[in-house]
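Student: I have a structure open and would like to learn how to read it. Can we go through it feature by feature?

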Amino acid sequence: MQSSKRLTILVCCGPGCIANNSMQVYEAFKKHIAGSYLNVEVAMTVECECDKESSPAIKATGCHGLCEHGPLVTILPHDITYIKVKVEDVSEIIEKTVLKGEVVERLLYTDKIQKKKLVKRDEWTFYRKQKKVALRHVGLIDPGKIDEYLERDGYKALEKALKDMTRSEVIEEVKKSGLRGRGGGGFPTGLKWSFAAQAEGTCKYVICNGDEGDPGAFMDRAVLEGDGHAVLEGMVICGYAIGVDHGFLYIRDEYGLAVENMKRAIVAARERGFLGEHILGTGFSFDVEIVRGGGAFVCGEEMSLIRSIEGNTGEPVPKPPYPADKGLWGKPTVINNVETWTNVPVIINKGADYFRSIGTENSPGTKVFALVGKVNNTGLVEVPMGTTLREIIFEIGGGIPKGRKFKAVQTGGPSGGCIPEAKLDLPVDFDSLTAEGSMMGSGGMIVVDDRTCMVEFARYYLKFLSEESCGKCVPCRQGIKTMLEILTDICEGRGQEGDIDLLVEIGQMVQEASLCALGKSAPNPVLSNIANFRVEFEEHIKNKRCPAGVCKDLTAFYIDSKICVGCAVCAKRCPVGAISGDKKQLHVIDQGKCTKCGICMDNCQFHAVRVK
Amino acid sequence: MDLSQIKQETLVVASTYKPEPRFLLAVLQDIQRKYKYLPKQSLEVVSEYLDVPLTKVYGVVTFYKAFSLTPKGENIIKVCDGTACHIKGSMNLITEIKAVLGIDPGQTTADGKFSLEIVNCIGSCALAPVMMINESYYGKLTPAKLRAVLESYREGGMVDAK
């Protein structure tokens, strides 16, 4: 936590907290503070779009990570963090904590693993096993204020690179660090840079890929919103290393706040001489331009993204040549993901050896994950590579809610696969996940419990991919469509003997023959689910039954008479009034009325609602 | 709105960019933001201004999800079907919206009050299943909660909850 003595209130305004009214909480703090004569700065973790004209005294910071319990409010230097803060709580926090330094017990976080309430956030099990490198400033600084970045060694790495290192020394240091692309492929970053540096021609480009399109992933968004200068610094360093004067920042247009904050960061960096002509008084010039993405998943693929920057439809082209040889407008181009860029200043500042001291031999450093789904602590986590899935899900993530049973964890988004319980002790790095038929991807980590149907889950991803396939190559366009049809048939009770083998066969063809990474990885969710949960597929096909109670055509719910205590929660929650029963008596589901939504099953704390 | 006005306004938006084909996406995004869809006349103006064939403009418009060629309703409902929302029952919300408003994803109600869209993740996974109506978020939704929210918009009471 921050060491500054100045009284500061940090209100998290990351995407999760904003949706939970953190802006109103922030406004309430501002109002109450203005009413008193306190020397307090209200720091908002990310400044709201609608707040552009607000007074400059307002500080802004990024996502604190534990979205599940948002909005989070941290008070420094006391180092007290409150959870689920509502507007009504603000006056009490000011009265007790800000003015008297007392703790408001009811707003403290209860750590279920340590079984106690904790005041300091660093003591929470959620944070204890994390290691912040890429997210080192997110949630602690105001991304709108370059001085706060500078106070934390901001742009020191750039200065060091420009003044004390040759171009090749910079590339060597990045190579030595073993940094691998955080966008999914895991290609060694230093190597990529060296290819572009060696490529012929003087006109070259640097691109930041901020087209985060994975459903259930918001890592890059948090960095772009909360610590944009770190991304810019990484890009400028690369520009110097490979001799480039122009960079592009490709950000999803839906990430309005990220676009706004990056625009401001670029302006501020230019003013201070970290961007533009003669950077830091040297002969090196470099500038960055923002391009907004149009919401096409395939544009996360580097060649498609490059085509999109050129003003075209984002369709991939065969590789090689790779972008390092022929990229944007046919010129050598280095393209790296947001998280990769933020790691670069750390490597230059603290050295490759420091970076290598974190993580594993082949995957040094940390990885940011969006830990979501059926897990108690939904949020943004950053762990050293090599941390096991069990540690991430059951310690940091706090396990599975409502006493249900863990079933699988999905990594790598639509390009990844599911990993079952037997493999939870797998240390997470690029190679271990690929070996299990999944992949690191950009960092989505979705936990599912026994209420998730693995057939339908695979169908979900295939549906997404069928919509996002650009349609250029036949294996991807037609293969995904056919697999989706088969999966839909299975989910709707029309599955036939031989469907599983057919899925595997088509899947392997799509992997082999597709043009780009979207198609090559598209069958992963299906193939890994078949490999790990084949019985569930067979149950759908042979017995026309969905064990998880998700596929409506194959599901009938009933209430177990031995378990039901007649609490009536199911009857109250049922949206169609299909459940009846007297208080403290067995409840019954009217099959004629039931729409199979499963809300009764999800809400029965006694697990009395069963799937026939 | 008359056609010449659309053309004029489109040109104003387009002129904030240099007339280079690479700005096609950016210009279209700004026009989409202005009208909530892309009028045909706008596309013609953009084609001429950037010197990009109309067929290519159309190709780009239909390729990217951000663009719509049909006008949207007064209130745009975006149901998140990101992975976290999906496994927490986002499809039940779609069923409920259809029951209340009678529209499928991609459609607009006859009175022009609501459009329904499915989006792939709005980054608020802790609130799953979540939806947005215009700029307001509604999280941890159940069919009952959803019904109440829709009713409030129908009455016009919460059109701008923020």
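**Reading strands, helices and a contact**

Tutor: Start with one pair of residues: His246(A) has Asp287(A) in strand 10 of chain A as its bridge partner. Keep in mind that this is a predicted model.

Student: What holds such partners together in general?

Tutor: Strands of a sheet pair through backbone hydrogen bonds, and the pairing is either parallel or antiparallel. Here, strand 9 and strand 10 of chain A run parallel and are joined by seven bridges.

Student: Which strands make up the open sheet with parallel pairing, and in what order?

Tutor: Four strands of chain A, in the order 10-9-8-11. Strand 10 (287-293) and strand 11 are the edge strands, each pairing on one side only. On average, neighbouring strands of this sheet are turned by 20° against each other, direction ignored.

Student: What packs on this sheet?

Tutor: Helix 10 of chain A does, touching strand 8, strand 9, strand 10 and strand 11. Its direction makes about 155° with that of strand 8 of chain A. Helix 11 (residues 256-271) of chain A lies across strand 9 and strand 10, at about 170° to strand 10.

Student: How many bridges join strand 8 of chain A to strand 9, and how many join strand 8 to strand 11?

Tutor: Strand 8 pairs with strand 9 (residues 246-252) of chain A over six bridges, in the parallel sense. Five bridges join strand 8 to strand 11 (residues 333-337) of chain A, also running parallel. For landmarks, Ile207(A) has Phe248(A) in strand 9 as its bridge partner. Asn209(A) has Asn337(A) in strand 11.

Student: Where do the side chains of a strand go?

Tutor: In a regular strand they alternate between the two faces of the sheet. In strand 8 of chain A, Tyr205(A), Ile207(A) and Asn209(A) point one way, while Val206(A), Cys208(A) and Gly210(A) point the other way. All of these are buried.

Student: Why is strand 8 of chain A described as largely enclosed by the rest of the structure?

Tutor: Count its residues: six of the six in strand 8 (residues 205-210) are buried, so the strand is largely enclosed.

Student: Now a helix. How do I check the length of helix 10 of chain A?

Tutor: Compare the expected span with the distance between its ends. At 1.5 Å a residue, the 15 residues of helix 10 (residues 228-242) of chain A should span 21 Å, and the end C-alpha atoms are 22 Å apart, which agrees. Helix 10 is also mostly covered, with 15 of its 15 residues buried. Gly243(A) follows the helix, and its phi is positive, near 75°.

Student: Which strands form the sheet with mixed pairing?

Tutor: Five strands of chain A, as an open sheet in the order 13-12-16-14-15. Strand 13 (379-384) and strand 15 (417-420) are at the edges, each pairing on one side only. Neighbouring strands here are turned by 30° on average, direction ignored. Helix 21 (residues 524-542) of chain A packs on this sheet, touching strand 14 and strand 15, and its direction makes about 25° with that of strand 15.

Student: Do strand 14 and strand 15 of chain A run parallel or antiparallel?

Tutor: Antiparallel, joined by four bridges. Within strand 15 of chain A, Gly417(A) stands opposite Thr411(A).

Student: What does chain B contain?

Tutor: Chain B has seven helices and four strands. From the N terminus on, they run α-α-α-α-β-α-α-β-β-β-α. Its C-alpha trace spans about 50 × 30 × 25 Å along the principal axes. Of its 162 residues, 41% are buried.

Student: Which residues of helix 3 of chain B are buried?

Tutor: In helix 3 (residues 40-50) of chain B, they are Ser42(B), Leu43(B), Val45(B), Val46(B) and Leu50(B). These residues cover an arc of only 165° around the axis, which puts them on the same side of helix 3 of chain B. They pack against helix 1 (3-14), helix 2 (24-35) and helix 4 (54-63) of chain B. Just after helix 3, Asp51(B) takes a positive phi of about 60°.

Student: How many residues does each chain give to the contact?

Tutor: Chain A gives 37 residues and chain B gives 34. By class, the side of chain A that touches chain B has 16 nonpolar, 14 polar and seven charged residues.

Note on methods:
Residues numbered from 1 in each chain as written. Chains lettered and ligands numbered in written order. Predicted model: local features only at pLDDT ≥ 70, side-chain atom pairs only at ≥ 80, totals over all residues. Helix = DSSP H or I, 4+ residues; strand = E, 2+ residues; numbered from the N terminus. Expected span 1.5 Å × (residues − 1). Buried ≥ 20, exposed ≤ 12 C-beta atoms within 10 Å, placed from the backbone. Contact = placed C-beta atoms within 7 Å. Nonpolar A, V, L, I, M, F, W, Y, C, P; charged D, E, K, R; others polar. Pairing = 2+ DSSP bridges. Axes fitted to C-alpha atoms, helices over the stretch in contact; angles between N-to-C directions. Arc of directions from axis to C-beta.
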